[in-house]
Amino acid sequence: MDTLTITNQQTEEADNCPDTARYYEDLHENKHFGTPDYPVGVYYLDLRQSYMHKIRWHWHEEVEIIIINDGIAEVSTDDSAYQIKPGQGIMINQNVLHSIYSLNDRNCTFYSIVFHPDFLFGHKVDSLHARFLLPIQSSQLFKVMVLDEKNPWHERMIDALNEAIAANLTKPFGYELATRSYLCRFWAELVSGLPKMTPAAAPSAHASLDEQRVKQAMLYIRTHHAEPISLEDIAGSVHISKSECCRCFARTLQMSPFEYLMKYRIFEATRKMSDNPGSPMSIANLASSVGFNNTSYFNKLFKQYLGCTPTYYRNHKLLSGAETNASPFNIPLI
């Protein structure tokens, strides 16, 4: 069976949904997908709408599965990168730091289904948790799993996921119940083909020490980016030396803490411009609001990352309508 069984009409419905891309908004997404009673989100994403054809580093408490529709996506975690093409997908476990970008800057579209395992297993810890959920939640090794329809086991999982995606795009009566059925079928197939794993004494965050430190530092930068921040401040937020902080960022994100801070500040500047295109603040005030005390340096970095000045970006990409209101895809992604 083809990987995607979803109709063009269903794709259009997903593409026109105003919340399609919003769930990537936060570095650490701690909001519920869907509703607390139905913690499932289904999205159709087109990386052509993003600067650098990329979704910035983020993580969330839900499991995410991406099914490629067109093009090739590279999904990166703190220690590996996976190239996923049509006929393939990738399962990203809970709390795994990851980013997504279109390989070779070419068109890439995909479906994403995001759900919390509690939707399948409930909140009560029982024998089902112990046998089918905890081994996956607690395994240090199970961070991602690449799915390929050429593998019959994987094809059965992809078929179940496509059924769940289609149900959530069309929303027929009882689609919530049907979705649970499809995802239970997916999970049953998943655990049936995995080697037996013994759950750890306590659930793991699936994160290396580097990843845990970088996540905490990223949240610190997100909270304090508009303030004067030094490398010592960032390192101190995770209780390590400045040199070890630099090594952690290099090993995990392939950039320095300072570079991440600068990119995040530019990210925030473009978001502020996008949110208030009709009532713009001066470039100097904009730079100051995101932590730059030197407007010239702000202009230099903005042009370095986006290829144009802040003024040009605002006048020719926002006010002209060249950039659609699809935040955060129309802002630089880290």
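Both Lys 143 and Asp 78 are buried (buried means under 20% relative accessible area, exposed over 50%, and partly exposed in between, with a 1.4 Å probe and protein chains only). The model is predicted, so that local features need pLDDT of at least 70 and side-chain atom pairs count only at pLDDT 80 or more, whereas totals for chains, interfaces and linings use all residues. Residues are numbered from 1 along each chain as its sequence is written, and side-chain values use heavy atoms, with hydrogens and water left out.

Lys 143 and Asp 78 form a salt bridge, in which the closest N and O atoms are 2.3 Å apart (a salt bridge is a side-chain nitrogen of Lys or Arg within 4 Å of a carboxyl oxygen of Asp or Glu). This pair links distant parts of the chain, 65 residues apart: Lys 143 is in the loop between helix H3 (127-138) and strand E10 (144-148), and Asp 78 is in the loop between strand E5 (73-76) and strand E6 (81-84). Helices (H or I, at least four residues) and strands (E, at least two) are DSSP runs, numbered from the N terminus.

A salt bridge also joins the side chains of Lys 143 and Glu 211, at 3.4 Å from N to O. Because Glu 211 belongs to helix H6 (residues 209-224) and Lys 143 to the loop between H3 and E10, the pair ties together parts that are 68 residues apart in sequence. The relative accessible area of Lys 143 is 10%, and that of Glu 211 is 0%.

In total, the structure holds 10 salt bridges. A network of them links Asp 210, Arg 213, Glu 244, Arg 247 and Arg 251. Within this group, the closest N and O atoms of Arg 251 and Glu 244 are 3.1 Å apart. Arg 251 is partly exposed, at 41% relative accessible area, while Glu 244 is buried, at 19%.

The axes of helix H4 (residues 152-170) and helix H5 (residues 175-193) come within 9 Å and cross at roughly 165° (axes are lines fitted to C-alpha atoms, for helices over the stretch in contact, and angles run from 0 to 180 degrees between N-to-C directions). H4 is therefore roughly antiparallel to H5, a description applied to angles over 145 degrees. Residues of H4 that meet H5 include Trp 153, Met 157 and Leu 161, and those of H5 that meet H4 include Tyr 182, Phe 186 and Leu 190, contact being heavy atoms within 4.5 Å.

Key: Angles under 35 degrees count as roughly parallel, over 145 as roughly antiparallel, 65 to 115 as roughly perpendicular and the rest as oblique.
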